[in-house]
Amino acid sequence: MRILEDQHVGTNEEMVRKSLTRTGTIAAALEESLLVGREKEKYDIINLISNQDAHQLTVISVWGMGGLGKTTLVKEVYQSQELSVLFDKRACITVMRPFVLEEVVNSLAMQLDAASSYRKGNFEELAKLLEGKRCLIVLDDLSSIEEWDQLLPKLSKMGNTSQIIVTTREENIAMHCSRKPENIHKLKVLEYKDAFDLFTKKVFKDATNLDNYPGLAEEAKPILKKCNGLPLAIVTIGGFLAKQPKREN
Ligand SMILES: Nc1ncnc2c1ncn2[C@@H]1O[C@H](COP(=O)(O)OP(=O)(O)OP(=O)(O)O)[C@@H](O)[C@H]1O
Ligand SMILES: [Mg+2]
């Protein structure tokens, strides 16, 4: 109701339209809010992909220690509106261990063309179907150079119009996959304000009014210091504290 009252618009129709638009924006914002911070990183990677030569197979690597949020970030990038309009086909694959080339290629084929006549193991057939199509492929969690070396010939068969995003914990794997330094992105720990934001979101979940906990910022400090900006540590401790009784002041 408040939203409608605040509009100061003429006709009823216009009021309804504006309130709907606003509702859409709020829904989008809520969805977005799953990712805390990382706006710049997300923007930079989307930009990097958008500005690549459309006729060259490009590999962008995101690397950093376990729990930094590589998967979380690249999934956001993968699902972004900005990129979905640029590509004809998309696939997002978590590379499982032990690495089985056949399995990765099969998942890739299913996601890129689920309804195709692709027969298990016949990648050439899929490659033909994808000829001239722009594909965005995420390979999440590569753990060795050998895995990449096995995958690359398959990926190359799909032509040179695809963009690949790789995540890995190891710098040498990132360098091996991407080659060009400008396509290698080292993910850093969260800035303090984002770490605090993530922590309070986890601890208080839906509670909106944190003013009831005036000592929160001080109490959170030593915990966040220990977490050192690592999202996995923050969500784990935050998740634990969420289950504990809270004291309001
Ligand atoms: N920016 C973020 N906003 C909200 N939650 C985050 C963010 N980054 C990471 N997380 C959370 O932290 C945890 C670890 O993140 P994620 O799995 O993406 O790390 P990773 O770098 O891919 O780790 P690994 O190397 O083990 O695959 C997840 O529970 C995820 O939801
Ligand atoms: Mg991961």
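Two strands pair if DSSP finds at least two bridges between them, and strands themselves (E, at least two residues), like helices (H or I, at least four), are DSSP runs numbered from the N terminus. The views below come from a predicted model, where local features need pLDDT of at least 70 and side-chain atom pairs count only at pLDDT 80 or more, while totals for chains, interfaces and linings use all residues. Residues are numbered from 1 along each chain as its sequence is written, chains are lettered from A and ligands numbered from 1 in the order in which they are written, and side-chain values use heavy atoms, with hydrogens and water left out.

**View 1. The whole chain, to get our bearings.** The protein chain holds 12 helices and 5 strands. Of its 249 residues, 40% count as buried, a label that means under 20% relative accessible area, with exposed over 50% and partly exposed in between (1.4 Å probe, protein chains only).

**View 2. The open sheet.** In what order do the 5 strands of the sheet stand? They run β2-β3-β4-β1-β5, with parallel pairing. β2 and β5 are the edge strands, each pairing on one side only. Direction ignored, neighbouring strands are turned by 15° against each other on average; such axes are lines fitted to C-alpha atoms, for helices over the stretch in contact, and angles run from 0 to 180 degrees between N-to-C directions. Between β2 and β3 there are 6 bridges, and Ala-91 has Ile-137 in β3 as its bridge partner.

View 3. Why is β1 (residues 58–63) described as largely enclosed by the rest of the structure? Because 6 of its 6 residues are buried. In a regular strand the side chains alternate between the two faces of the sheet. Here both faces are covered, with Thr-58, Ile-60 and Val-62 buried on one side and Val-59, Ser-61 and Trp-63 buried on the other. β1 is joined to β4 by 6 bridges, the two running parallel, and Thr-58 stands opposite Gln-163 of β4. Another 3 bridges join β1 to β5 (residues 184–186), again in parallel, and Trp-63 has Lys-186 as its bridge partner there.

**View 4. Helices laid on the sheet.** Helix α4 (residues 70–79) lies across β1, β2, β3 and β4, running at about 170° to β2. Helix α9 also packs on the sheet, touching β1, β3, β4 and β5, and its direction makes about 170° with that of β1.

**View 5. The largest nonpolar core.** A nonpolar core is a set of buried Ala, Val, Leu, Ile, Met, Phe, Trp, Tyr and Cys residues joined through side-chain atoms within 4.5 Å. The largest one has 25 residues, and Ile-137, Leu-139 and Trp-148 touch the most other members. Elements giving two or more residues to this core include β2 (89–94), β3 (135–142) and α8 (145–157). The largest share, 5 residues, comes from α6. Apart from this core lies another, of 18 residues, among them Ile-46, Val-74, Phe-87 and Leu-187.

**View 6. A close look at Ile-137.** Which residues does Ile-137 touch, not counting those up to four places away in sequence? They are Ala-91, Leu-108, Leu-112, Leu-155, Met-158, Gln-163, Ile-164 and Ile-165.

**View 7. Helices α10 and α11 crossing.** Two packed helices are described by the angle between their axes and the distance between the axes. For α10 and α11 (residues 216–227), the axes come within 11 Å and cross at roughly 105°. That makes α10 roughly perpendicular to α11, the class for angles of 65 to 115 degrees, whereas under 35 counts as roughly parallel, over 145 as roughly antiparallel and the rest as oblique. Residues of α10 including Phe-196, Phe-199 and Phe-204 take part in the contact, and on the α11 side Ile-223 and Leu-224 are among those they meet.

**View 8. Asp-194 in helix α10.** Asp-194 sits in α10 (residues 192–204). Is Asp-194 buried or exposed? Asp-194 is buried, with a relative accessible area of 10%. Leaving out residues up to four places away in sequence, Asp-194 touches Val-36, Gly-37 and Arg-38.

**View 9. Ile-237 in helix α12.** Ile-237 belongs to α12 (residues 231–242) and is partly exposed, with a relative accessible area of 32%. Beyond neighbours within four places in sequence, Ile-237 is in contact with Phe-199, Ile-223 and Cys-227. The C-alpha atoms of Ile-237 and Lys-202 are separated by 8.6 Å, with the two residues 35 apart along the chain.

Technical notes:
Contact means heavy atoms within 4.5 Å.
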